[in-house]
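Please walk through the model below with attention to how its parts are held together and packed against one another.

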Amino acid sequence: PVPLPHPLNFQTINQTTRIATVNIICTSALGGIFEPISGSGVLIDPRGVILTNAHVAQFLLLQNSLGQDLLNCIARTGSPATPTYTLKILYISPRWVQSNYKKITERAPTGTGENDFALLQITGRTDPNLDLKPPFPALAIDDSENTVIAGQPAIIVAYPAGFLGGITIQRDLYIVSSIVTIGQRYTFKTGTLDTFSLGGSPVAQHGSSGGAVVNSDGNLMGIIVTSTDAKETSGRDLDALSI
């Protein structure tokens, strides 16, 4: 007899994914449009490497030029999000920066998601009195295009902040999970899987960029990158950048 497949245990996958997902927040002493900037990221290496979008990580480049006294970017964990780690840029896509750096002051920048990725490194604790204790709770990566199948379920986890004010984002930002169905697959050139659709959900908000997209095996197969615009989140089409 052929054994039946194991039932999907999205409850366990959700718990594991939420532990590996972080909120990346940048606050400015100057206020204005740079207070606060909030995005998401996911740990992909137990040494403290976070995968996120370049349009989130670009503010760490700005922090390097302005200094931490004017712009400070950290990683927060938990729900509500609480300050946890200090960060530095490990890698940011130079092609994305070259094509998009002028959009940094736009309130609603547009883009396709092409080259929109970056890696951050955890450098320490926001509270210097606490020890930094690797290994970190990282997700395994699935880089096979064959597992991104239209009609299959996936779980997405992020820190959406699209309907929140600046003070609320800093004090009461909660992590959100949603089970979605994979839709269309897209390519920027020919013969490669670059992005795929996730439809509408409560996660389809500003702040979810860089959030985790995880398959039924518990492996990371992409990060949230773009969304169409609509009044209700259910009417938006969220897209993920494939691993």
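In this predicted model, the torsion about the S-S bond of Cys 26 and Cys 73 is about 115 degrees, so the disulfide between them is right-handed. The two sulfur atoms lie 2.1 Å apart, and a search of the whole structure finds one disulfide. Because Cys 26 belongs to strand 1 while Cys 73 belongs to strand 4 (residues 71-77), the pair ties together parts that are 47 residues apart in sequence. Both Cys 26 and Cys 73 are buried.

The buried residues of helix 1 (residues 10-20) are Phe 10, Ile 13, Asn 14, Thr 17 and Ala 20. Why do they fall on the same side of helix 1? They cover an arc of only 130 degrees around the axis, which puts them on the same side. In general, an α-helix has 3.6 residues a turn, so residues three or four places apart point the same way. Gln 11 and Ile 19, by contrast, are exposed on the other side of helix 1.

An open sheet of seven strands runs in the order 8-7-11-12-13-10-9, with antiparallel pairing, and its edge strands are strand 8 and strand 9 (185-186), each of which pairs on one side only. Helix 1 packs on this sheet, touching strand 7, strand 8 and strand 11, and the direction of helix 1 makes about 30 degrees with that of strand 7.

The charged side chains complete the picture, with a count of two salt bridges. In one of them, Glu 114 and Lys 189 have their closest N and O atoms 3.9 Å apart. Because Glu 114 lies in the loop between helix 3 (94-100) and strand 6 (118-125), and Lys 189 in the loop between strand 9 and strand 10, this pair ties together parts that are 75 residues apart in sequence. Glu 114 is partly exposed, at a relative accessible area of 31%, and Lys 189 counts as exposed at 62%. In the other salt bridge, Arg 47 and Asp 45 have their closest N and O atoms 2.9 Å apart; Arg 47 is exposed, with a relative accessible area of 63%, whereas Asp 45, at 16%, counts as buried.

Definitions and conventions:
Residues numbered from 1 in each chain as written. Predicted model: local features only at pLDDT ≥ 70, side-chain atom pairs only at ≥ 80, totals over all residues. Heavy atoms only, no water. Buried < 20%, exposed > 50% of the residue type's maximum accessible area, 1.4 Å probe, protein only. Helix = DSSP H or I, 4+ residues; strand = E, 2+ residues; numbered from the N terminus. Arc of directions from axis to C-beta. Disulfide = S-S within 2.5 Å. Pairing = 2+ DSSP bridges. Contact = heavy atoms within 4.5 Å. Axes fitted to C-alpha atoms, helices over the stretch in contact; angles between N-to-C directions. Salt bridge = Lys/Arg side-chain N within 4 Å of Asp/Glu carboxyl O.
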